[in-house]
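Dear colleague,

Please find below the structure that I am handing over to you, followed by an account of the side-chain contacts found in it.

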Amino acid sequence: MTPADYLAPYLPPRLEPVEAATAYAPANIALAKYWGKSDRVLNLPANGSLSISLGSHGSRTTIRAADADSITLNGVLAGEDSPLHRRTFVFIEHIRRGAPQPLAITSENTIPTAAGLASSASGFAALTRALNAYWQLDLPDAVLSALARIGSGSAARSLWHGFVKWDKGEQVDGSDSIAAPIVSDWQDLRIALLPIDSGAKKTTSGDGMNHTTATSPLYAAWPATAARDLATIETAIHTHDFTTLGATAEANALAMHATMLAARPALCYLHGASLDALHRLWQQRADGLEIYATIDAGPNIKILYQRCDEAAVRAAYPQAVFINPFVLAG
């Protein structure tokens, strides 16, 4: 099964563009992580995941007709041989299917550059929504999520604000490996993005997943652990149980990193400063400040806390970026 095979029943024989289309999608951080793929072509995950979006931090993308394909990101035109240009138009070709409709794409990220947040999830989610509008496809949400997933796995979750759950699915075509929002307006929940190093990773997440699944003796236990953590976090969202949500999200992130450390050779995204920050956070929690950490495939720390502790967290981490995930944009 290829992406084109999956999309074929949903696409019209002829693409009918409008003059221009613009869409916004928020970045997200996973509280219950996915790590590992069951199908690399369709970007099918080995386990489900659950995320919280970052409100006004994300990507805004505009599409117009052009004489030749181009993509401009944050005011910089990408070269035709650049990874960004290639990856973007390989993705678009799943819809365009050779139709002579060159596009000019302009995308702006509102993600803080020092926060160490990858923009591919919000970028491909915004691109997916913009393409849907530009070619008047009117694709169902489930198909939009599957399409965004093909571009970047976590983009399946960035189509919506708030909490979003991505089911791993069981179908070989990926039709049920889709995300959907969880109804919640947990206004007491807050996130602080603690930058450690915002430079490019030496090992991409995709390569890291492949290496971990192939060589780590701890990985066999990961999918079941991840599934239990996801269920626990989802229940905690519905009951507004911050302690359970924070503790489980932190344990889930550390378990994911443990599978990487056990890979052969070891894969470590954490820096010394990351570990220093974790030890400091754990001491502050022992001293009575209820904060929890989550870490993606990188060195940067995301801190979960409650509105009542806003002043204390700001005082302790003045260099962080502070986010109310339910203040929306776009």
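**Charged and aromatic contacts**

Arg 96 has a relative accessibility of 7% and therefore counts as buried. Please note that the model is a predicted one, and that the values below are computed from it.

*Salt bridges*

There are 11 salt bridges in the structure. In one of them, the side chain of Asp 69 meets that of Arg 96, with 2.9 Å from N to O. This pair connects distant parts of the chain, 27 residues apart: Asp 69 belongs to the loop between strand E4 (49-65) and strand E5 (70-73), while Arg 96 belongs to helix H2 (residues 83-96). Asp 69 has a relative accessible area of 21% and is partly exposed. The cut-off for buried is under 20%, so Asp 69, at 21%, falls in the partly exposed class.

Arg 96 has a further partner in Glu 93, and the closest N and O atoms of that salt bridge are 3.2 Å apart. Here both residues lie in helix H2, with a separation of 3 residues, or about one turn of the helix. Glu 93 is partly exposed, at 30% relative accessibility.

Because Arg 285 lies in helix H8 (residues 272-286) and Glu 250 in helix H7 (residues 242-261), the pair ties together parts that are 35 residues apart in sequence. Is Glu 250 buried or exposed? Glu 250 counts as buried, with 7% relative accessibility, whereas Arg 285 is partly exposed, with a relative accessible area of 25%.

Finally for this group, salt bridges link Lys 33, Asp 296 and Lys 302 in a network.

*Aromatic pairs*

The search of the whole structure gives 8 aromatic pairs. One of these is formed by Trp 35 and Tyr 269, which are edge-to-face, with 6.3 Å from centre to centre and 90 degrees between the planes. The two residues are 234 residues apart and link distant parts of the chain: Trp 35 is in the loop between strand E1 (20-32) and strand E2 (37-39), and Tyr 269 is in the loop between H7 and H8. Trp 35 is buried, with a relative accessible area of 2%, and Tyr 269 counts as buried at 7% relative accessibility.

Phe 242 and Tyr 292 form an edge-to-face pair as well, with the centres 5.6 Å apart and 65 degrees between the planes. This pair, too, links distant parts of the chain, with Phe 242 in helix H7 and Tyr 292 in strand E11 (residues 292-294), 50 residues apart. Phe 242 and Tyr 292 are both buried.

*Charges over rings*

Arg 129 is placed over the face of Trp 160, 6.0 Å from the ring centre. Arg 280 is placed over the face of Tyr 317, and the distance from the ring centre is 4.7 Å.

With kind regards

Note on methods. Residues numbered from 1 in each chain as written. Predicted model: local features only at pLDDT ≥ 70, side-chain atom pairs only at ≥ 80, totals over all residues. Heavy atoms only, no water. Salt bridge = Lys/Arg side-chain N within 4 Å of Asp/Glu carboxyl O. Helix = DSSP H or I, 4+ residues; strand = E, 2+ residues; numbered from the N terminus. Buried < 20%, exposed > 50% of the residue type's maximum accessible area, 1.4 Å probe, protein only. Phe/Tyr/Trp six-rings, centres within 6.5 Å; stacked < 30°, edge-to-face > 60°. Lys NZ or Arg CZ within 6 Å of the ring centre and 35° of its normal.
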